[in-house]
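Biologist: I am new to this structure. Please show me how to read its features.

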Amino acid sequence: MTRPHGLALLILAMVVIVASANYLVQFPVNDWLTWGALTYPVSYFVTDLCNRLYGPERARRVVYVGFVLAVIASIWLASPRIALASGTAFLVSQLMDVSIFDALRGRRWWQAPLASSSLGSLVDTGLFFALAFAGTGVPWVTLAIGDFGVKLAIALALLLPWRLAVNRG
């Protein structure tokens, strides 16, 4: 049985996470990191939780609705270029995350979320930073490397909350 308010909360979380990351990516910490790297990785946690609780079809629905709303918010909060880059990277990487997670769901409890988040993060990072910052003078390659490292660290750190959340669900 689906709890509609649960899906709405996951969509809302997705929009807030992605829109805030797109705003914060405009503020570098240094040549290796932006503040956006600290929020965006949580989007994979949301997608994986939705996939685990509701299945891949509903997880894709959360991705599609979150995509549309986050791109609209990002145009206002960031810039059209960042919104387009984010939307493209988000859609590709999140749909990949759903497929990988679903394929690995029968394995050990940590394998599906860690593998899907790590591979999704790799694709997202490469697409986003190339589309958003190539040719702008922003050190996008080093920012992408730093961003990916943070995404991996956060994916690992979220394994404990993941375990607690799926034990409750």
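Modeller: Start with patches. They are made of residues with over 30% relative accessible area and no salt bridge; like charges are joined within 9 Å, nonpolar side chains (Val, Leu, Ile, Met, Phe, Trp, Tyr) within 5 Å. A salt bridge is a side-chain nitrogen of Lys or Arg within 4 Å of a carboxyl oxygen of Asp or Glu. Areas come from the Shrake-Rupley method with a 1.4 Å probe, and only the protein chains shown count as cover for residues. Here Tyr23, Phe27, Val29, Trp35 and Leu38 form a nonpolar surface patch, with about 450 Å² of accessible area together.

Modeller: Two cautions. This is a predicted model: local features need pLDDT of at least 70, side-chain atom pairs count only at pLDDT 80 or more, and totals for chains, interfaces and linings use all residues. Residues are numbered from 1 along each chain as its sequence is written, and side-chain values use heavy atoms, without hydrogens and water.

Biologist: Where does Leu38 lie, and which residues does Leu38 touch?

Modeller: Helices (H or I, at least four residues) and strands (E, at least two) are DSSP runs, numbered from the N terminus. Leu38 sits in the loop between strand S2 (33-34) and helix H2 (42-54). Contact means heavy atoms within 4.5 Å. Leaving out residues up to four places away in sequence, Leu38 touches Val150 and Ile154.

Biologist: Where is Phe27 found?

Modeller: Phe27 is in the loop between helix H1 (4-24) and strand S1 (28-30).
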